[in-house]
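Please read this briefing alongside the sequence and the coordinates. It begins with the overall fold and then turns to particular sites.

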Amino acid sequence: ARPDGDVVKAEVEPEAESEASPTQDKEDDKVSYQGAQVIQIDTQTAKDVLDSILEKGEIEEWGRNKTHVDLYLPSKSTGSIKSLLMSKNISYSVMIEDVQRAIDVENVVETEAEDEFAGRKGHKMNWKSYHSLSDIYGYLDYLADTYPSQVKVGSVGKSAEGRPIKYIVISSGNPGAKRFWIDGGIHAREWISPATVTYIISELVENRDSYKDFASDIDFYVVPVINPDGYEYTRSSQRLWRKNRSKGNYFCPGVDLNRNWGYNWGGLGTSNENCREIYRGTGPFSEPETRAVSNFILQNKDNMKGFITFHSYGQYILLPYGHNYNSYPPDFKEMERIGRKAALAIKSVSGATYQVGNSAKLLYPASGGSDDWAKGIAGIKYAYTIELRDQGTYGFTLPAHYIIPTAQEAMAAVKTVARAVQES
Ligand code: ARG
Ligand code: ZN
């Protein structure tokens, strides 16, 4: 996918030069997003045109709110889509001028020499950069070794490519404890999600004294990366991959794991086409990841009262049900009350605004999501999807220095829901 000019240049370069960059080969396997853009347009004035462009599947909706929608334009489509919009008199603004450039600068990776704690800490996490799956799993193992009486680490099962899906249980030691589920990384490209969930783990374990008011009443069941294959694939090959890596279709692998859960599977906001980003798979729980995680939740659902699945982006606290516009659980008002409290807590931590409401109404209907299943089938009272930062400035390519502020907000939301769980 590299332009010819680069190939010619590489050939005339002296041998010594290319040996000086041993990562070159690996880089060549990566998809380049050079020339791709993210633009924002007004949702209302453009509705019909917008629907017809999205219907074709050539460009992708990255995010939306009441007034705007963010559209990802692959480089080959930027010209045609922009002229189409101009011809219909629809104005747009460019949010991300060059997606590859945004990817190139999002992740600061410190060398061991720069990291003053490296080697002494016993793990590699620093929340200053986005980490590999092996760093994340290494951290869970480190916690298991270091806090054997408080935590238990294991695997809920294996991904399509055979990677373990690791969990950590952070236990209060109280036999009557309520349980609280937290997960991240179901969508591969939403890097802020595993980063945030590992931060939450670190707070609950290594900063336990700050959470005394609920720590002895709640056991946390946490899976930081539900989709490990997808996550690794976004690091090695295609930064904007969303689905898992299951090989149902040779040309278009992968299933959207948040359309694959067994509650109103196959309804609105899903696709039966392999190549679409919202491909639902061949049936409910057709994927090893959703099967393993849902079974693990069912095995532990007694007393499970809290459930938060972290996604990005948009800054939302989303409530079930999301499979259509008019299905509400009977205790929706109570869920909303706690959701609003969580948004207030976030606001007081960082000033950020998170909108609270039903996911179909606030975003769009989407069936087969884990939140709907958690509420409707597993019967978990306080079940939320939280869409972390931002609101479209960087989208999925949120620079790594936002990890800590974003994770602190998320921790404020977890605290609020934990108190509701404690009292439930
Ligand atoms: N952005 C998330 C997704 O598209 C939202 C999921 C909300 N939940 C739902 N059941 N629709 O997967
Ligand atoms: Zn997502």
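This is a predicted model: local features need pLDDT of at least 70, side-chain atom pairs count only at pLDDT 80 or more; totals for chains, interfaces and linings use all residues.

Residues are numbered from 1 along each chain as its sequence is written, and chains are lettered from A and ligands numbered from 1 in the order in which they are written. The protein chain holds 15 helices and twelve strands, where helices (H or I, at least four residues) and strands (E, at least two) are DSSP runs numbered from the N terminus.

**Overall dimensions and packing**

- The radius of gyration of the protein chain is 22 Å, which agrees with the value near 22 Å that a compact globule of 424 residues would have; the radius is taken over C-alpha atoms, and the globule rule is 2.2 Å times the number of residues to the power 0.38.
- Among contacts between residues at least 6 apart in sequence, 75% join residues at least 24 apart, and two residues are in contact if their C-beta atoms, placed from the backbone, lie within 7 Å.

- The residues around ligand 1 are N258, H311, L318, G322, S359, L363, A366, G369, D371, D372 and T385, a residue being near a molecule if its C-beta atom, placed from the backbone, lies within 6 Å of it.
- By class, this shell has three nonpolar, six polar and two charged residues; Ala, Val, Leu, Ile, Met, Phe, Trp, Tyr, Cys and Pro count as nonpolar, Asp, Glu, Lys and Arg as charged, and the others, Gly among them, as polar.

**Helices α12 and α15, and the chain end**

- Helix α12 (residues 332–350) packs against helix α15 (residues 403–423) at an angle of about 145°, with their axes 8 Å apart; axes are lines fitted to C-alpha atoms, for helices over the stretch in contact, and angles run from 0 to 180 degrees between N-to-C directions.
- The crossing of α12 and α15 is right-handed, a crossing being left-handed if the near helix is turned anticlockwise from the far one by less than a right angle, and right-handed if clockwise.
- On the α12 side the contact is made by I338, K341, A342, A345, I346, V349 and S350, which meet P405, Q408, E409, A412, A413, K415, T416, V417 and A420 in α15.
- By class, the contact of α12 with α15 has ten nonpolar, three polar and three charged residues.
- S424 lies in the segment after α15 and, because 13 other C-beta atoms are within 10 Å, is partly exposed.
- Leaving aside residues up to four places away in sequence, S424 touches K178, K305 and K381, and its C-alpha is 9.7 Å from that of G306, although S424 and G306 are 118 residues apart in sequence.

**Cis peptide bonds and positive phi angles**

- A cis peptide bond with omega of about 5° joins S312 and Y313, and Y313 lies in the loop between β9 (304–312) and β10 (316–319).
- Another cis peptide bond, with omega of about 0°, joins P320 and Y321, where Y321 belongs to the loop between β10 and α12.
- N264, in the loop between α10 (228–236) and α11 (288–299), has a positive phi of about 50° although it is not a glycine, and N264 counts as buried because it has 21 C-beta neighbours inside 10 Å.
- F285 is also found in the loop between α10 and α11 and has a positive phi of about 55° although it is not a glycine; with 19 other C-beta atoms within 10 Å, F285 is partly exposed.
- Just after α5, N89 takes a positive phi of about 65°.

- Helix α5 (residues 78–87) lies largely in the open, because the number buried among its ten residues is zero.
- P175 sits in the loop between β6 (164–170) and β7 (178–184) and counts as exposed, because it has 5 C-beta neighbours inside 10 Å.
- A46 lies in the loop between β1 (37–42) and α4 (47–56), where its 19 C-beta neighbours inside 10 Å make it partly exposed.
- A46 touches I41 and I90, not counting residues up to four places away in sequence, whereas the C-alpha atoms of A46 and F251, 205 residues apart along the chain, are separated by 33 Å.

Note on methods. A residue is buried if 20 or more other C-beta atoms lie within 10 Å of its own, exposed if 12 or fewer, and partly exposed in between; C-beta atoms are placed from the backbone.
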